[in-house]
Amino acid sequence: MSETKMFEPIADIGDYLKLGACTAVMSQPILSYALTTIPSSDAQTWIGIIYNLVKYTAPAFIFGILYTTTRTTIDDRDLTYGHYMKNQWHALFIPTIWWTFVYLLVMPQMQQINQYHDLDSFLWHFINGNAAPHLWYNTMMLQFIILMPLFWGIGRWCGQNVQRGIIIAVCAVVIAALWLWFYDTEVFNGPHATDWYMFDRLFVSFFIYGVFGELAWLYREHFNKVIMKWWPVNVVVFLAAFYWINQELFSYGQPVSLANAPYYKPSMTIYDLAVIGLFSALCLYQVENGRPFAKFVHKFAAFAYKAYLSNVFWSECLWLLFGKNLTTSNTWAGILILYVLTWCLSFASAFGLHAIWSRLKPMLFKSKTVMA
C-alpha cells in the first residue's frame, strides 16, 4: 500500500459538506412546489423557515469542493492542468451535459426566465444555467473547476505562512462585502433585478467560500483546533443568524415568496459560514472517533453531484404523477414523501448509471480497439 493511500482519510470535511448540501438542496424545489398549492398561512411560514434552514447548500458545496480538491492536488507538482481538466471532464462536465440535454428536450417546461426557440437560444440556455431551476449553480460551480489554477496559485503562495493566509482571508472578506453591497443596491433591491440575473451565477458570488475552503485545508491544524474548541459559540452564531434571515424573509409578509431569501446578503453569508463550521466539527468528531457513518458519507459524497443533477427531474416526475394532488390535500405528507422518494431516486440513478457505464465502457473501447 502506498503512503498516500495509507493515510487517506475515511472521509474529509469536503465529503460531509457535499453530501449535506446535496441532501438539503433536494428539498428546495419541493418546498417551492408546495407553495403553489396555496397552503395555509401557518404552513407557508414553516415552509419559509425550512427553506431558510437549508439555504446553505451552494456555499457548502463550493467550500467542500475547494477543500477536497486542495487536499488532493495542491502538493502534486506533476499534475498538469490538462490532466486535471480531463478528470473533471469525465466526473463533472459529461454528467452536466447529459442532464442538461434531458431537461431541455424532455422537460422544456423547467426552463427559467424564457424559452429557447431556435438553435442559438437552445445553446445559450444550455450553458447559462436556465435549462432547469437548479442548473444556475452548475454554471457557477464549473467556473471554479476551470479556474482551479488560480486557487493553486493562491494556495502555493500562502504555503504554511499564516500571515499570508490572513491576507488572503481578509481580501476574500472585502471582495464578498463589496459584492453583497453591489448586488443589494443594483440587483436585488436595485433597478436591474430582472435584466442582471446572470450576476448571481458568477464565481465571484461564492469566491469567499472557495477561498475559505482552501485555507481550511492549508491551515488545517489551526482550523480544526478552532472549530472543535469553539463549536458552542458557532451554535450561538448559527441560531442568531438563522433568526436574522427569518426576520428578513417574513418582513415581506405573505404570501411567502422564496425569492426573498437570496444567498447574497450579510445575514445569509454569516449563516452559511456557521453551518459550514458545524458540518466541519461533525466531520472531525466522527472521523477522529472512527464512527461508521463517516464511511457512508465518503461513499455517497462521491455521487452527490450526479444525484444533484437529477433531483429536479425526479421531483418533477413525482409531482406530476401524484405529488401535486397529495400536497394539495396534505401539505406536510406531500412534502415529506416527495422529498424521501426524490432523494432515493436521485442517488439510485447516480449509482445505477455509474454501474451501467462502468460495464459498457470497457466493451465500447475494446470494440473500437479491435476495429482499429
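## Basis of the values

Local features are reported for this predicted model only at pLDDT of at least 70 and side-chain atom pairs only at pLDDT 80 or more, whereas totals for chains, interfaces and linings use all residues. Residues are numbered from 1 along each chain as its sequence is written, and side-chain values use heavy atoms, with hydrogens and water left out.

## Helix H10 and its surroundings

Helix H10 covers residues 162-188, where helices (H or I, at least four residues) are DSSP runs numbered from the N terminus. Its 27 residues reach 36 Å from the first C-alpha to the last, close to the 39 Å expected at 1.5 Å a residue, the expected span being 1.5 Å times one less than the number of residues. At the start of H10, the backbone nitrogen of Gln163 lies within 3.0 Å of a side-chain oxygen of Asn161.

## Packing of helix pairs

Helix H2 (residues 13-25) packs against helix H16 (residues 304-329) at an angle of about 10°, with the axes 9 Å apart; axes are lines fitted to C-alpha atoms, for helices over the stretch in contact, and angles run from 0 to 180 degrees between N-to-C directions. H2 is therefore roughly parallel to H16, given that angles under 35 degrees count as roughly parallel, over 145 as roughly antiparallel, 65 to 115 as roughly perpendicular and the rest as oblique. Lys18, Leu19, Cys22 and Val25 of H2 meet Ala304, Ala307 and Tyr308 of H16, contact meaning heavy atoms within 4.5 Å.

The axes of helix H12 (residues 220-229) and H14 come within 9 Å and cross at roughly 100°, so H12 is roughly perpendicular to H14. Phe223, Asn224, Ile227 and Met228 of H12 make this contact with Gly277, Ser280, Ala281, Leu284 and Tyr285 of H14.

## A buried threonine

Thr70, found in helix H5 (residues 57-73), is buried with a relative accessible area of 0%. Leaving aside residues up to four places away in sequence, Thr70 touches Met148, Glu214, Trp217 and Leu218.

## Cysteines

A search of the whole structure finds 0 disulfides, a disulfide being a pair of cysteine sulfur atoms within 2.5 Å. For Cys171, the nearest cysteine sulfur, that of Cys158, is 9.7 Å away, and Cys171 counts as partly exposed at 40% relative accessibility. For Cys283, the nearest cysteine sulfur, that of Cys22, is 17 Å away, and Cys283 is buried, with a relative accessible area of 2%.

Conventions: Buried means under 20% relative accessible area, exposed over 50%, partly exposed in between (1.4 Å probe, protein chains only). Helices (H or I, at least four residues) and strands (E, at least two) are DSSP runs, numbered from the N terminus. A polar contact is a pair of N or O atoms within 3.5 Å; within protein, one must be able to donate a hydrogen and the other to accept it, and residues adjacent in sequence count only if both atoms are side-chain atoms.
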